[in-house]
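Here are my notes on this model, point by point. Please keep the structure open as you read.

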Amino acid sequence: MRTENAAETRFVEPRVNIYEEPERIVLQAELPGVSREELDIDIDGDRLTITGRRSPDAEGVRMVYGERSPFGFRRTFILGNVIDRGKVNATLKDGVLELVLGKVAKPKARKIEIKAG
Amino acid sequence: MRLIRYRPRSEVDPFSWLSGFRDDLDQFFERKLAPWQAAEGDLLEGAWTPLVDVCEDKDSVLVRADLPGLNKEDIDLSILGSTLTIKGEKKSESEVKEENYHRVERSYGLFQRSVQLPAEVDESKVEASYKDGVLEVKLPKKEAVKGKKVAIKAGEKPGKKGKGGETK
């Protein structure tokens with residue numbers, strides 16, 4: 001994990017598609033210009049955060065016209081109980097991150113013992 | 001700098017006046033959104049327009065376009081005069097039933113962007129690469145437009161010869 005200065009770093013939210021299959025949930029995020037080394041995926045409790053940084057331009061280059069975001073990407077998702085935290089796989093190809101989130105095999109029923117008053 | 005944005009449906013789109021109205025509102029509230037923030041604009045225009053940067057250094061013009069999730073083979077580049085045109089198609093990579101989607105924010109389909117280049121370029125030396133979903137086009141400037149250095153002579157005013165100035 002990198003450290004960062006919150007005041008210096010701004011992010012935009014990447015566009016995502018999320019779809020569900022019987023065994024898994026698939027999240028695709030568009031992160032153009034982000035390489036594998038510049039991408040962080042963190043799971044903290046029920047929060048999954050994607051952070052992507054873009055390397056800055058070379059020196060001596062003059063911007064004539066700029067539409068692309070000068071900032072990195074960040075977005076947080078809340079994971080439901082159906083997702084198995086140990087079954088998360090990520091691939092990054094052509095600026096698209098695909099996160100495959102495996103579902104919990106079967107929610108285990110927990111017996112709650114009732115104490116006698 | 002002039003950029004031509006391709007809007008195939010704007011002339012027939014009955015809601016195109018809405019985007020103009022939005023511009024008026026933005027001006028009224030002085031909160032004009034940057035292109036990468038104004039994602040909903042694409043929905044009004046009915047077309048997908050990739051975001052483009054145009055940069056230059058002393059030797060070349062550099063054009064970058066955000067094209068995440070494309071195949072290199074589906075991007076078509078052409079230059080006519082000082083206009084660079086990027087077009088292609090973004091195909092959906094997965095066959096998913098609509099009801100299984102929780103969120104659909106990504107755009108698919110045909111796109112076309114034309115960019116006016118800030119200098120004359122040598123068409124035969126253009127290089128393009130596609131990496132991490134970004135198309136990068138490097139267009140070397142023509143020798144003639146790189147800017148020749150003009151030497152300034154001392155002690156001589158041009159066009160004022162014979163009016164008291166020294167003549168060599």
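1. The contact. Chain B supplies 30 residues, and chain A supplies 29. Bear in mind that this is a predicted model.

2. The chain B side. Three elements of chain B each give two or more residues to the side that touches chain A: β2 (52–56), β3 (60–66) and β6 (101–104). Of these, β2(B) gives the most, with five residues.

3. Residue classes. Look at the side of chain B that touches chain A. Here 17 residues are nonpolar, nine are charged and four are polar.

4. Find A:Tyr65 in your view: B:Val54, in β2(B), stands opposite.

5. The make-up of chain A. Chain A has nine strands and zero helices. Its pattern along the sequence is therefore simply β-β-β-β-β-β-β-β-β.

6. The overall form of chain A. The radius of gyration of chain A is 19 Å, whereas a compact globule of 117 residues would have one near 13 Å. The C-alpha trace spans about 75 × 35 × 20 Å along its principal axes.

7. Burial and contacts in chain A. Of the 117 residues in chain A, 24% are buried. Now take the contacts in chain A between residues at least 6 apart in sequence. Among these, 55% join residues at least 24 apart.

Key
Residues are numbered from 1 along each chain as its sequence is written. Chains are lettered from A and ligands numbered from 1 in the order in which they are written. This is a predicted model: local features need pLDDT of at least 70, side-chain atom pairs count only at pLDDT 80 or more; totals for chains, interfaces and linings use all residues. Helices (H or I, at least four residues) and strands (E, at least two) are DSSP runs, numbered from the N terminus. The radius of gyration is taken over C-alpha atoms; the globule rule is 2.2 Å times the number of residues to the power 0.38. A residue is buried if 20 or more other C-beta atoms lie within 10 Å of its own, exposed if 12 or fewer, and partly exposed in between; C-beta atoms are placed from the backbone. Two residues are in contact if their C-beta atoms, placed from the backbone, lie within 7 Å. Ala, Val, Leu, Ile, Met, Phe, Trp, Tyr, Cys and Pro count as nonpolar, Asp, Glu, Lys and Arg as charged, and the others, Gly among them, as polar. Two strands pair if DSSP finds at least two bridges between them.
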